[in-house]
Amino acid sequence: MKRIYFDHSATTPVDREVADLMLEYMTEKYGNPSSVHSFGRETRKAVEEAREKVAALINAAPNEIFFTSGGTEGDNLAIKGVAYANRKKGNHIITTAIEHHAVLHTCEYLEKQGFTVTYLPVDEHAMIRMDDLKNAITDKTILISIMFANNEVGTIQPVKEIGQLAKEKGIYFHTDAVQAVGNCPIDVKELNIDLLTMSGHKFHASKGVGALYIRRGVKVEEIQHGGGHERNIRAGTENVPGIVGLGKAAEVAMRDMDKKVAHIKVLRDKIIAGIIEKVPHIKLNGHPEIRMPGNVNFSFLFIEGESLLLNLDLKGIAASSGSACTSGSLDPSHVLLSMGLTHEVSHGSLRVSLGRGNTEEEVNYFLEVVPEIVERLRSMSPLYGSAADFKPSNPCSSCHHHH
Ligand code: PLP
């Protein structure tokens with residue numbers, strides 16, 4: 001059976017070009033970049049060239065790029081690093097309720113150490129309100145950490161306005177741009193971003209490598225101690241194959257950005273229009289326009305996203321859902337709940353995230369099978385039978401019959 005991959009927000013395939021280069025830096029060019037001999041000098045040069053390419057992708061300077069093991073580490077280093085280094089200035093951090101757990105759990109951890117954190121609410125489209133942000137700022141605020149684009153519903157935050165406000169107030173601005181980097185154009189100078197997290201495996205580099213951009217002059221304390229790698233910010237022998245691959249992926253992303261975004265947007269809009277046309281009782285989640293080029297997220301009322309997901313998988317289509325039923329927890333996505341969705345509607349959500357390799361033919365196949373599956377699942381759903389008096393309400397009742 002032909003398999004269709006519609007889960008690029010989870011991870012992407014490594015580019016062949018990237019993989020070839022990585023192999024070369026594992027088997028032939030394997031020196032430790034800290035070594036003074038020719039083997040070491042060869043990999044040092046490659047790491048620094050990768051730094052230039054990664055910097056260019058977001059319009060940063062090479063010495064503002066620090067290689068990490070990925071998005072989770074980048075978020076931890078940015079938030080804890082700024083918190084610890086600026087503790088004398090203040091102990092207040094502002095973030096949002098819809099961040100990835102790498103940010104949320106880091107903030108919760110800091111709360112146990114005497115920091116206070118404001119979790120901004122979002123509107124029905126998962127967008128923060130600038131007034132809420134302005135009102136949350138106190139003279140103790142040292143950091144604003146707001147994601148660039150949401151990983152579940154694709155909404156892009158008003159990053160430029162946030163950066164402008166943070167600059168005026170003298171507060172550091174960190175953005176988790178894991179979903180955005182390599183998938184839409186970003187200019188950290190124009191947007192007044194002080195720290196930015198990226199992760200290689202979301203744009204065709206490998207898993208386990210990423211980078212944190214730290215604007216020159218921003219005070220960050222290291223959280224991992226050891227040798228003086230990455231100018232004392234991130235100790236540990238450099239992941240040379242990963243880093244060289246990240247550089248190549250950044251170069252490719254920059255080169256192909258416009259073409260890629262245009263291609264993916266066409267497919268996204270076709271899916272959105274197709275689902276709206278063919279399936280009744282649905283809700284598009286996320287902002288209707290200000291969303292990532294490859295993100296589609298729908299709630300299908302009266303059914304569970306998990307069932308839809310499993311049925312799509314049987315047809316060879318890989319997508320994702322916002323419900324955590326299979327993980328043994330009854331909690332639906334904190335993102336969907338923050339947007340005001342009920343537990344029932346959250347449980348019926350499906351995320352499709354497109355990549356540059358997807359085709360119109362795949363989209364057509366998806367639009368053929370989804371209405372059939374949804375209709376079949378609904379015909380078996382006790383909820384659908386009583387659709388007339390369906391009142392979406394908490395608590396989560398749609399899950400219980402599974403457990
Ligand atoms: N932040 C966001 C918004 C993400 O989507 C992800 C990954 O799904 C991460 C952080 C974590 O990145 P990594 O998997 O590289 O640790």
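What is the handedness of the crossing of H9 and H12? In this predicted model, the crossing is right-handed. Helix H9 spans residues 305–314, and helix H12 spans residues 360–380. Their axes come within 10 Å and cross at roughly 130°. The two helices are therefore oblique to each other. On the H9 side, the contact is made by Ser307, Leu308, Asn311 and Leu312. H12 contributes Phe366, Val369, Val370, Ile373, Val374, Arg376 and Leu377. By class, the residues of this contact are 8 nonpolar, 2 polar and 1 charged.

H12 also packs on helix H8, residues 240–278. Here the angle is about 20°, and the axes lie 10 Å apart. Angles under 35 degrees count as roughly parallel, so H8 and H12 fall into that class. H8 passes H12 in a right-handed crossing. From H8, the contact draws on Leu267, Lys270, Ile271, Gly274, Ile275 and Lys278. The H12 residues are Glu360, Val363, Asn364, Phe366, Leu367, Val370 and Pro371. This contact divides into 8 nonpolar, 2 polar and 3 charged residues. Phe366 and Val370 take part in the contact with H8; both are also in the contact with H9.

H8 has a further partner in helix H2, residues 38–57. The axes of H2 and H8 come within 8 Å and cross at roughly 35°. This crossing is left-handed. H2 supplies Thr43, Ala46, Val47, Ala50, Lys53, Val54, Ala56 and Leu57. H8 answers with Val240, Ile243, Val244, Leu246, Gly247, Ala250, Glu251, Ala253, Met254 and Met257. The contact of H2 with H8 holds 14 nonpolar, 2 polar and 2 charged residues.

Attention now turns to the pockets. Helix H3 (71–85), helix H4 (101–111) and strand S12 (320–321) each supply at least two residues of the lining. H3 gives the most, with 3 residues. By class, the lining of the largest pocket has 5 nonpolar, 14 polar and 6 charged residues.

Notes:
Residues are numbered from 1 along each chain as its sequence is written. This is a predicted model: local features need pLDDT of at least 70, side-chain atom pairs count only at pLDDT 80 or more; totals for chains, interfaces and linings use all residues. Side-chain values use heavy atoms; hydrogens and water are left out. Axes are lines fitted to C-alpha atoms, for helices over the stretch in contact, and angles run from 0 to 180 degrees between N-to-C directions. Helices (H or I, at least four residues) and strands (E, at least two) are DSSP runs, numbered from the N terminus. Angles under 35 degrees count as roughly parallel, over 145 as roughly antiparallel, 65 to 115 as roughly perpendicular and the rest as oblique. A crossing is left-handed if the near helix is turned anticlockwise from the far one by less than a right angle, and right-handed if clockwise. Contact means heavy atoms within 4.5 Å. Ala, Val, Leu, Ile, Met, Phe, Trp, Tyr, Cys and Pro count as nonpolar, Asp, Glu, Lys and Arg as charged, and the others, Gly among them, as polar.
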